[in-house]
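Let's take a walk through this structure together, starting with a pair of packed helices and ending at the ligand.

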Amino acid sequence: MTTAFEPTRIGRYTTRNRIVMAPMTRSRAYGPGASATPLMAEYYAQRAGAGLIVTEGTQPSAQGQGYPNTPGLHTRTQVEAWRGVTSAVHARGGLIFAQLMHTGRIGHPSLSGLAPVSASAVRAAGTVYTPTGAQELVTPHALDEAGIASTIADFAQAARNAIEAGFDGVELHGANGYLLHQFLATNVNTRTDAWGGDTTGRTRLTVEVARAVVDAIGADRTGLRISPGNPFNDISEDDVEATYTALLEALDPLGLAYLHLAEGPDAGLTAILRARWSGPLILNPFTPGSWTGPDALDRLEDGSADLVSFAALYLANPDLPVRLAAGGPFAAPDYSTAYGGDHAGYTDYPTLDDASVVG
Ligand SMILES: Cc1cc2nc3c(=O)[nH]c(=O)nc-3n(C[C@H](O)[C@H](O)[C@H](O)COP(=O)(O)O)c2cc1C
């Protein structure tokens with residue numbers, strides 16, 4: 001047995017192992033008003049053997065939705081529907097945090113009827129998938145003071161809603177070019193007020209959202225995901241190390257349940273950030289040209305992280321911890337069924353037991 005199969009602490013919880021299911025948007029929230037479905041409950045319950053499940057990105061407000069059929073946590077219907085998911089995971093002894101994702105400028109008015117917002121009126125290059133097909137991204141509105149205040153309040157309310165829905169906590173999505181990352185990034189945040197400019201200004205929204213969520217549900221149920229330097233969604237960051245060390249310096253005293261680091265090519269930065277963070281670190285290792293594989297467990301053994309997260313491999317292997325313990329075999333993900341659709345490529349990946357019955 002390696003470290004991966006030993007429990008550890010995150011916030012108020014003890015995880016059954018150190019293997020995390022990373023957040024994955026699956027765009028199957030076909031319930032009324034962007035709510036979860038019984039199929040989603042089955043999918044997450046199949047993966048309840050993880051030390052922690054982080055759900056797909058979930059919008060904290062109608063404004064925060066950037067893709068079709070992503071679930072929300074801002075209406076009564078959504079809260080009630082998520083209960084089906086959380087109770088199914090808990091029935092199998094799992095732990096599940098909701099990832100709160102406000103997509104900011106990545107979105108389209110045709111989705112919610114609302115124009116996308118961001119730090120500044122800087123359009124992202126590229127297209128976004130909408131109900132009528134791919135469309136050019138639009139220039140977002142820069143949030144004003146009132147808009148920033150209501151965005152922070154929306155995150156806090158969504159966190160309360162998550163707890164009411166039975167989640168064990170929430171992960172704030174500060175990664176991959178969505179709203180919080182847009183405020184952190186020098187190419188999107190061109191503000192000259194207190195929410196932009198130097199590292200204190202650009203990190204302020206993430207810090208204030210974290211503070212508000214901590215006040216709402218407690219630091220021991222609040223995690224944060226970051227992806228320093230990740231260019232996804234047309235992000236370009238000039239001063240990655242300075243920005244993220246400033247961010248962690250401001251956040252460390254809050255005592256969050258964990259930091260979830262989506263690593264880039266610079267493993268040296270991972271070590272620098274780990275040294276700045278006194279709480280648990282979940283690492284989603286950088287794996288050029290492929291998805292993160294079983295070798296990632298080495299990063300636990302060498303002390304780079306306290307837990308390791310897998311996305312694609314977890315998509316395709318519902319019993320991933322069992323397979324990791326057995327040394328495989330591992331199924332490969334089919335990305336053509338990643339977003340939208342039905343049970344195919346979603347709940348029909350076999351477990352090792354199923355596979356041995358078949359084969
Ligand atoms: C289908 C799919 C959907 C994803 N959706 C999200 C998401 O909603 N939120 C997020 O933070 N990352 C998301 N990611 C990124 C993953 O969490 C992860 O960082 C990335 O896939 C690299 O990890 P891997 O090599 O284990 O797949 C997604 C990845 C995939 C494959």
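H6 passes H7 in a right-handed crossing, meaning that the near helix is turned clockwise from the far one by less than a right angle. Helices here are DSSP runs (H or I, at least four residues), numbered from the N terminus. This is a predicted model, in which local features need pLDDT of at least 70 and side-chain atom pairs pLDDT 80 or more, while totals for chains, interfaces and linings use all residues. Residues are numbered from 1 along each chain as its sequence is written, and side-chain values use heavy atoms, without hydrogens and water.

Where do H6 and H7 meet? Thr-199, Arg-202, Thr-203, Thr-206, Val-207 and Ala-210 of H6 are in contact (heavy atoms within 4.5 Å) with Ala-242, Thr-243, Ala-246, Leu-247, Ala-250 and Leu-251 of H7.

Now look at the other pair, H1 (residues 38-46) and H2 (residues 76-91), whose crossing is also right-handed. Their axes, lines fitted to C-alpha atoms over the stretch in contact, come within 8 Å and cross at roughly 25°, on a scale from 0 to 180 degrees between N-to-C directions. H1 and H2 are therefore roughly parallel (angles under 35 degrees).

Finally, turn to the ligand. An oxygen atom of the ligand is 2.6 Å from a side-chain N or O atom of Asn-284, and a backbone N or O atom of Ala-312 lies 3.0 Å from an oxygen atom of the ligand.

Definitions and conventions:
Helix = DSSP H or I, 4+ residues; strand = E, 2+ residues; numbered from the N terminus. Polar contact = N/O pair within 3.5 Å; in protein donor to acceptor, adjacent residues only side chain to side chain. Parallel < 35°, antiparallel > 145°, perpendicular 65-115°, else oblique.
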